[in-house]
Amino acid sequence: MWLAIHLAIILGLSVRVLLRPHRDPESRIAWILFISALPIVGALAYLMLGEVRLGANAARNLMRAHPPRADSDLEPATSTNALIPECAWAGFSTGESISGFRPKTGNVGHLMENSNTTIDAIAADIDSATDHVHLLFYIWLPDNNGRKIVDAVVRAANRGVTCRVIVDALGSRGFIQSEQWRAMGHAEVRLGKAESIDHILLRILKGRVDVRNHRKIIVIDNRITYCGSQNCADPEFAVKAKFAPWVDAVIRFEDPIVLQNQQLFVSDWLACTGEDAVESLSFESEWPQSGNVIAQVIGTGPGNSHSAMPELFATLMFSARHELIITTPYYVPDEAMQAALCASARRGVATKIVFPASNDSRFVAYASRSYYSDLLAAGVKIYEYKGGLLHTKSLTVDEEMTLIGSANMDRRSFDLNFENNILFADKKLTLQMRERQEQYIANSQLVTMEDVNAWSLGTQLLNNLTAILGPVL
């Protein structure tokens with residue numbers, strides 16, 4: 001009887017794995033092998049981690065929450081198109097196919113100096129708010145920087161500014177229990193918890209429990225927004241202090257692009273609270289054209305088309321003609337993206353990628369290094385940053401175009417996380433980002449093929465075994 005149950009579990013779940021849409025062949029194979037080797041444990045793991053099912057209510061909210069286009073986004077884009085450099089056409093087109101946002105011209109952008117100055121600038125902008133403050137962070141810690149933003153939000157709420165705050169229920173679980181969270185509630189700040197982890201058993205039945213909102217969105221008075229990799233925390237990052245400092249990059253934007261980030265926030269607010277905040281906001285159709293940055297918000301998540309982020313990354317890699325520089329803390333690509341990165345180097349593009357030398361995720365570090373040999377053989381230059389945990393997610397192309405935001409180059413960002421990024425074309429602002437990337441490289445060690453060949457057999461086995469488990473994890 002037990003043998004029959006054993007075989008029925010393996011057969012039933014294997015058929016389910018094979019019938020699931022949008023699953024890579026290697027992912028199907030990995031799950032079937034895992035379920036076959038450990039039928040009970042494997043079955044439970046698959047039910048908890050194998051499928052992204054958002055549930056009826058969540059799916060309905062996501063459909064309702066699809067960011068609405070502003071009137072200005074429905075107008076002909078001829079004037080903007082004429083300003084887009086040739087290398088950016090494919091990237092902006094791919095971005096529009098993902099989120100529905102067209103690139104907008106007339107923006108102003110400034111790369112912040114470091115994590116602490118970013119927090120100080122956000123607090124100052126909140127103190128100048130007159131209508132609304134919208135904040136979303138994956139991780140918010142009740143540390144020095146975390147309290148600075150809490151205090152600024154409470155001050156804004158006390159003077160009558162409408163404040164909405166979203167945090168991820170898992171990433172900010174400690175903060176939700178803190179006195180700072182309660183202080184915002186007492187000040188009548190409207191609070192939302194994304195991807196609730198309450199009633200965990202019911203959550204398991206509804207779908208994968210580790211779908212998370214990994215976005216970082218700041219919108220103030222429909223005139224200022226920030227985009228980058230930084231959470232609301234000190235760079236010393238108390239919860240993972242041994243990897244500190246966490247090194248992030250954030251850009252402060254003004255003008256039309258703010259509206260697109262606003263709409264992305266509103267969609268998340270609806271999804272986690274059920275409140276449609278669009279009705280209480282004024283989305284202006286006319287914006288000042290005070291800058292020259294052409295920019296586009298790209299929001300991704302389980303509700304998007306399959307493989308949206310890897311398609312965007314690959315498109316930007318193929319767009320490069322002279323130079324491609326990438327920084328990412330987590331690199332577990334799909335086959336197409338790995339091939340695109342190798343191809344950029346093979347066709348003569350100066351291709352560099354920077355990883356942290358010490359990674360807070362040991363499994364991701366192992367998996368990432370399994371790709372080093374092929375990258376180096378193709379001519380990609382690999383650097384490992386020594387000055388802390390390099391958490392910046394950035395990509396620059398030909399000194400003209402930049403992608404910055406929350407998305408990592410790993411399968412979690414591809415399939416499980418809600419992410420937000422801004423793609424922009426501007427030589428001056430891209431130069432700022434490129435100079436920052438060069439600072440990272442100056443504080444890094446170049447990895448050579450000799451280094452990789454010197455790894456022990458055990459290290460190579462561990463790296464490659466972890467990479468095989470990537471589709472499962």
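Here are a few notes on this predicted model, point by point.

1. **Ground rules.** This is a predicted model, in which local features need pLDDT of at least 70 and side-chain atom pairs count only at pLDDT 80 or more, while totals for chains, interfaces and linings use all residues. Residues are numbered from 1 along each chain as its sequence is written, and side-chain values use heavy atoms, with hydrogens and water left out.

2. **Confidence.** The average pLDDT (the predictor's confidence in each residue, from 0 to 100) is 88 for the chain, and 87% of the residues score at least 70. Residues 59-78 have a pLDDT below 50, and this stretch has 33 contacts in the model beyond near neighbours in sequence. Contact here means heavy atoms within 4.5 Å.

3. **A helix pair.** Helices (H or I, at least four residues) and strands (E, at least two) are DSSP runs, numbered from the N terminus. The axes of helix H7 (residues 89-99) and helix H14 (residues 308-319) cross at roughly 170° and come within 9 Å. Axes are lines fitted to C-alpha atoms, for helices over the stretch in contact, with angles from 0 to 180 degrees between N-to-C directions. H7 and H14 are therefore roughly antiparallel to each other, a label for angles over 145 degrees. H7 brings Ala90, Gly91, Thr94, Gly95 and Ile98 to the contact, and H14 brings Ala308, Glu311, Leu312, Thr315, Leu316 and Ser319. These residues divide into five nonpolar, five polar and one charged. In that grouping Ala, Val, Leu, Ile, Met, Phe, Trp, Tyr, Cys and Pro are nonpolar, Asp, Glu, Lys and Arg are charged, and the others, Gly among them, are polar.

4. **Cysteines.** With a disulfide taken as a pair of cysteine sulfur atoms within 2.5 Å, the count comes to zero. Cys163 counts as buried at 3% relative accessibility, and Cys232 counts as buried at 0%. Buried means under 20% relative accessible area, exposed over 50%, and partly exposed in between (1.4 Å probe, protein chains only).

5. **A cis peptide bond.** Ala244 and Pro245 are joined by a cis peptide bond, with omega about -5°. You will find Pro245 in the loop between strand E7 (224-228) and strand E8 (246-247).

6. **Positive phi at two glutamates.** Glu188 is not a glycine, yet has a positive phi of about 65°. Glu188 sits in the loop between helix H11 (179-186) and strand E4 (190-194) and is exposed, with a relative accessible area of 69%. Glu399 also has a positive phi, about 60°, without being a glycine. The loop between strand E15 (394-397) and strand E16 (401-405) holds Glu399, which is partly exposed at 41% relative accessible area.

Definitions and conventions: Parallel < 35°, antiparallel > 145°, perpendicular 65-115°, else oblique.
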